[in-house]
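Please look at the chain shown below before reading the report that accompanies it.

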Amino acid sequence: MTALDVPNPANPHELNRPATDPAASFTPYKLTQTLAAHKRDISAVKFSDDGNFLGTSSADKTARVWSLSTTTSDTDDSTTSSLFSLYQEFHGHKQGLSDLAFSNDSRFLATASDDKTVRLWDVSTGQLIKTLRGHSNYVFCVNFNPQSNMIVSGSFDETVRVWDVKTGKCLKVLPAHSDPVTAVHFNHEGTMIVSSSYDGLCRIWDAYTGHCMKTLIDDENPPVSFVKFSPNGKFILVGTLDNTLRLWNFSTGKYLKTYTGHTNSKYCVSSAFSVTNGKYIVSGSEDNCVYLWELQTRKIVQKLEGHTDTVISVSCHPTKNMIVSGALGNDKTIKVWTQGKD
């Protein structure tokens, strides 16, 4: 993936506006498909690492996997469109789902549920492989490490658990936070885990020892609703319930960029890095829109309108200029947005 280079603020020349305004050269995203299958709120949308699948989870107790197919227009060979079709459904959780994640080879799906379990599924058959039990409250977030031999989960029980995929055994319980854990994510090497919580903290953990390497804390200490590593692993993107996204350099413990304009004071709305055509930050919002900021200038370049409830989750395709968004219960749809041709 493209390295994410953020200039060093010590050199003011690097932070000067580029000669061309990114917003002026930005190709807008357009709505290309709406997927309506879930019966209640969407809780998460995530692309598989290869981009061939889209996973969606919902408060309706199910997860779904959609496959992406590219079709060429009958009338014009140069016009192709990518459309999703339902590939597999996953039934078995006793309560609603809050999150899901693909293994790096897209063979397995992990789901996190209010029934206090993480479940591991076979993507091609929809069969349950293992149920990971140990959390004592809702499991809110889940991710695989890049090698996909470990799963990390975060819960309302205030712990982060690391699981062995092969055996389904819990390898570590990290007494991570003093409030519900809202997000967990491995860096691209699989050596570190970042976690966030309503307690206002982001913590970086050594994935092997479980040792807390760093705690990031903001002066104001707003609840942290989301966190993830940048593609190159040098930065973390942090969403807080004061309508703000920040890009932190976790090795210095300082934040470099702040992104505002969206609404996020109530829900754990996810955000993402878009790196397929320029570098952008993408986020859901409680005003029913998807926001795109140019990473360097922090300027809003587009606001995607179409959902009729809070956009709770967004995901960017790894290679195509495509964004997927999912919304809460008055909407219940997943929308696919693609950049039009120049």
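## Basis of the description

This is a predicted model, in which local features need pLDDT of at least 70 and side-chain atom pairs count only at pLDDT 80 or more, while totals for chains, interfaces and linings use all residues. Residues are numbered from 1 along each chain as its sequence is written, and side-chain values use heavy atoms, with hydrogens and water left out.

## The chain as a whole

Among contacts (heavy atoms within 4.5 Å) between residues at least 6 apart in sequence, 47% join residues at least 24 apart.

## A four-stranded sheet

An open sheet is formed by four strands in the order β18-β19-β20-β21, with antiparallel pairing; two strands are said to pair if DSSP finds at least two bridges between them. Its edge strands, β18 (224–229) and β21 (254–260), each pair on one side only, and the twist from one strand to the next averages 20°, with axes taken as lines fitted to C-alpha atoms and angles running from 0 to 180 degrees between N-to-C directions. Five bridges link β18 and β19 in the antiparallel sense, and F229 has I236 in β19 as its bridge partner.

Strand β22 (residues 271–274) pairs with β23 in the antiparallel sense over four bridges, and S271 stands opposite S283. Strand β24 (residues 289–294) is likewise antiparallel to β23 and joined to it by four bridges, where Y291 is the bridge partner of S283. The hairpin of β22 and β23 has five residues between the strands, and G278 takes a positive phi near 85° there; the hairpin of β23 and β24 also has five residues between the strands, with N288 at a positive phi near 75°.

## The cavity

A cavity is a set of points, on a 1 Å grid over the protein atoms alone, where a 1.4 Å probe fits but cannot get out. The count comes to one cavity of 30 Å³ or more, and the largest cavity has a volume of about 80 Å³, that is, the space filled by probe spheres set on grid points joined across faces, edges and corners. Its lining residues, which have an atom within 4 Å of a point, include L201, D218, R246 and W248.

Key: On a 1 Å grid over the protein atoms alone, a cavity is a set of points where a 1.4 Å probe fits but cannot get out, and a pocket is an open set with protein on both sides within 12 Å along at least five of seven lines; lining residues have an atom within 4 Å of a point. Helices (H or I, at least four residues) and strands (E, at least two) are DSSP runs, numbered from the N terminus.
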